[in-house]
Amino acid sequence: MLYHLSLFLAGYTALTIFFYMLSLLIPRAAFVARLLAAYMCLMLCALYGVFISIFLRLFGNAQSAQHAAGRAFAWAMELTTGVRFDVIDPKGHLENVRPAVFIGNHQTELDVLMLGAMFPRNCGVTAKKSLKRIPVLGWFMALSGTVFIDRKNTKDARQAMAGAAEVMQKQQQSVYMFPEGTRSYSREPMLLPFKKGAFHLAVQAQVPIVPCVVANYSHILWIKGMHFVPGRIPVKVLDPIPTKGLTTADVEELTRTTRELMLRELVTLTAKARGTRVPREQERDQAMKASGVEVQRTI
């Protein structure tokens, strides 16, 4: 088995190098090369994650497995594709706020790399149940404490959230979630409507919500246009939003105001990442209206 695995890895590596060389003549070949490199890094780091999860579980620290595998993935991706996420967290919320529900905008499959670069210690993720069946990656996610959600079964989803809230309180473990629920694949800074699961979880566990905003990176990766180039993408960690004393009745307003806060930051952060003029407040409001946000001003 090791022999066949070695042959596969050697062939896969040779194919990736071939496309990188071909990109000198055909620029779009770089898209294929980086895509192949990314999947190879993901599978190798997931395999590493399986072993590190087992090792850390023996010492009662399985929650740190995703952090360890994520950092390895971030390093491997920067080395092979030239893509890097720069985390802006001047107040140290990623390490100092615990437990918490961390939330972020969801753009493409590259968000896995974003998690690898900024994933805090003692933090888990929620993921759709179908990912559990993927060889290696699914094994790693299951071993490292991922909460799998069956989106077709709302009853099981509520039970999973209740279980996650209990784990957060008992083990002081944080959770990272994408409230949009799916990838947007948007070329411009925007947010899909937020699902309320992350906010119900935070209120139920009485822990803060920590928004993490990733600049729109379609100038780095644009799948429909077969565009994938090296570059640096900023991720900004915003101040925690407390939920102490809030109830289910407050979730809808909490969801709305958090989404509005993140969208404002997304528009500004994207402009800085692309080296364009930072939009004025009126222009940000127009972008927010385009994403379905009813802008409310205070006098």
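## Lining of the largest cavity

The lining of the largest cavity comprises five nonpolar, five polar and one charged residues; here Ala, Val, Leu, Ile, Met, Phe, Trp, Tyr, Cys and Pro count as nonpolar, Asp, Glu, Lys and Arg as charged, and the others, Gly among them, as polar. Lining this cavity are Gln 107, Thr 108, Tyr 185, Ser 186, Asn 216, Tyr 217, Ser 218, Leu 221, Trp 222, Ile 223 and Lys 224. Its volume is about 70 Å³.

This is a predicted model, in which local features need pLDDT of at least 70 and side-chain atom pairs pLDDT 80 or more, while totals for chains, interfaces and linings use all residues. Residues are numbered from 1 along each chain as its sequence is written, and side-chain values use heavy atoms, without hydrogens and water.

## Second cavity

The structure has two cavities of 30 Å³ or more (a cavity is a set of points on a 1 Å grid over the protein atoms alone where a 1.4 Å probe fits but cannot get out; lining residues have an atom within 4 Å of a point). Of its 13 lining residues, Asn 105, Gln 107, Ser 184, Met 190 and Leu 266 are the closest to its centre. This lining divides into five nonpolar, six polar and two charged residues.

## Annotated spans

The unreviewed UniProt entry annotates residues 6–26 and 38–59 as "transmembrane region"; such annotations may be inferred rather than shown by experiment. Residues 6–26 are 81% helix and 0% strand, with end C-alpha atoms 29 Å apart. Residues 38–59 are 95% helix and 0% strand, and their end C-alpha atoms lie 31 Å apart. Helices (H or I, at least four residues) and strands (E, at least two) are DSSP runs.

Note on methods
1 Å grid on protein atoms, 1.4 Å probe; cavity = no way out; pocket = protein on both sides within 12 Å on 5 of 7 lines; lining within 4 Å. Points joined across faces, edges and corners; volume = space filled by probe spheres on them.
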